[in-house]
Amino acid sequence: MTGVQRGLRRALIALCVTQITGWGVLYYAFPVMVSTVSADTGWSAAASMGAFSLGAVVSAVAGIVVGRLIDVRGPRQVMTAGSVVGVVSVLAIAAAPSLPAFYAAWALAGVAQAAVLYPPAFAALTSWYGPHRLRALTTLTLVGGLASTVFAPLTAYLLDFMSWRGVFLLLAVILGAVTIPLHALALTPPWPGASRVAHRQDPHPATVARSRAFIMLTVAMSAAALGMFAATVNLVPLLTWRGMDTHLAAVALGLCGAGQLLGRLAYGALSARVESRPRTVGLLAAAAVSVLALGLLPGPTALLIVVSVLAGAIRGLFTLLQATAVADRWGTRAFGRINGVFTAPVTAATALAPGAGALLTEVMGGYVASYGVLAGLVLLGTLAAGMAGTGRLPAAGSDIERSCAS
């Protein structure tokens, strides 16, 4: 194994560890604590979750800037700085004396999320591994998928012994102790690409972002993300409405999460056999069917659980589909800038999904109608993906291929 290969392996291992920690602290810990926060502060659960959602929306917007910075400076500086901002934001959440301060702290956490979670890690691995990126991305998402498994029960356990503010203080220490040194010391492989000036003058990112294929693909993935995530996040209330007890519905949700891991494991084989356009259309069509089935099937319980697992598997496939969509079509040249623009609306749709799903059920008067609308939204995404074409830009094709081979 060469020195470069050892450096790449070290960086991948480091990113796996920091993704578990970053997702666990900056994302999965708060939903466990929201009821405790509400009870202690008097803020409603909806108001508290609004701050969390604000962070996700800020993350979507900040991701565009982060993508540009990664192209120019590489992931080491950007992700290390993001870890520092993350620690500061979690400390601010813990100390927030009022609801406006709580919102401001979560907005800062959104900036940190943009700089330390999947999109910058995807950009790093895509540029480092080039044509061999899929295996690295699959490894990262498989390990990163354990974040909720580790941090949800850990957060619940810590709440038995300390206040929610104390838990956030401890989580800030964990975030800093784990992610700052790993990002600073392990993300050291040479950063491929042109100089800063070339990046600024390169017309390729703007050409891609203005293309019909890029716009349609972005619309497709955003619509699908909103429909899919709204359906699965609201799975427990749907299943309890169908007659399951809460514990069994929670088990079904957990199996849905396990399905995501299975989907990610299967993505490599699917990618090797199916081109990007039919792969995207097929996966989104399957997602639409799974959402519709969740809304329409009255039972039996075993069948509902099976469909939940299948919906989870499709979500797992969707994660890697999103991670590879840009590079599969336009190569790795200026990947951070292009992927930052591509990811922003998808991230925003994902952030809005929980509240949108609950609101839609209330407006439509029940889960059958609301899940039908969500399935229709995913189907619209499927149609948009079909209209996106292959995405190749003929004038830049040779440059893209050279970039992929470098």
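Helix α3 passes helix α4 in a left-handed crossing. Keep in mind that this is a predicted model. α3 covers residues 75–95 and α4 covers residues 99–116; their axes come within 8 Å and cross at roughly 160°. Angles over 145 degrees count as roughly antiparallel, and α3 and α4 are therefore roughly antiparallel to each other.

Which residues of α3 and α4 make the contact? On the α3 side they are V78, M79, G82, S83, V85, G86, V88, S89, A92 and I93. On the α4 side they are F102, A105, W106, L108, A109, V111, A112, A115 and V116.

Next, a loop. Between α15, residues 301–330, and α16, residues 335–364, the loop includes A334. Is A334 buried or exposed? Its relative accessible area is 6%, and buried means under 20%, so A334 is buried.

Last item: S370, which sits in helix α17, residues 367–387. S370 has a relative accessibility of 0% and therefore counts as buried. What lies 3.2 Å from a polar atom of the S370 side chain? That is the backbone oxygen of G366. Setting aside neighbours within four places in sequence, S370 is in contact with L360, T361 and M364.

Note on methods: Residues are numbered from 1 along each chain as its sequence is written. This is a predicted model: local features need pLDDT of at least 70, side-chain atom pairs count only at pLDDT 80 or more; totals for chains, interfaces and linings use all residues. Side-chain values use heavy atoms; hydrogens and water are left out. Axes are lines fitted to C-alpha atoms, for helices over the stretch in contact, and angles run from 0 to 180 degrees between N-to-C directions. Helices (H or I, at least four residues) and strands (E, at least two) are DSSP runs, numbered from the N terminus. Angles under 35 degrees count as roughly parallel, over 145 as roughly antiparallel, 65 to 115 as roughly perpendicular and the rest as oblique. A crossing is left-handed if the near helix is turned anticlockwise from the far one by less than a right angle, and right-handed if clockwise. Contact means heavy atoms within 4.5 Å. Buried means under 20% relative accessible area, exposed over 50%, partly exposed in between (1.4 Å probe, protein chains only). A polar contact is a pair of N or O atoms within 3.5 Å; within protein, one must be able to donate a hydrogen and the other to accept it, and residues adjacent in sequence count only if both atoms are side-chain atoms.
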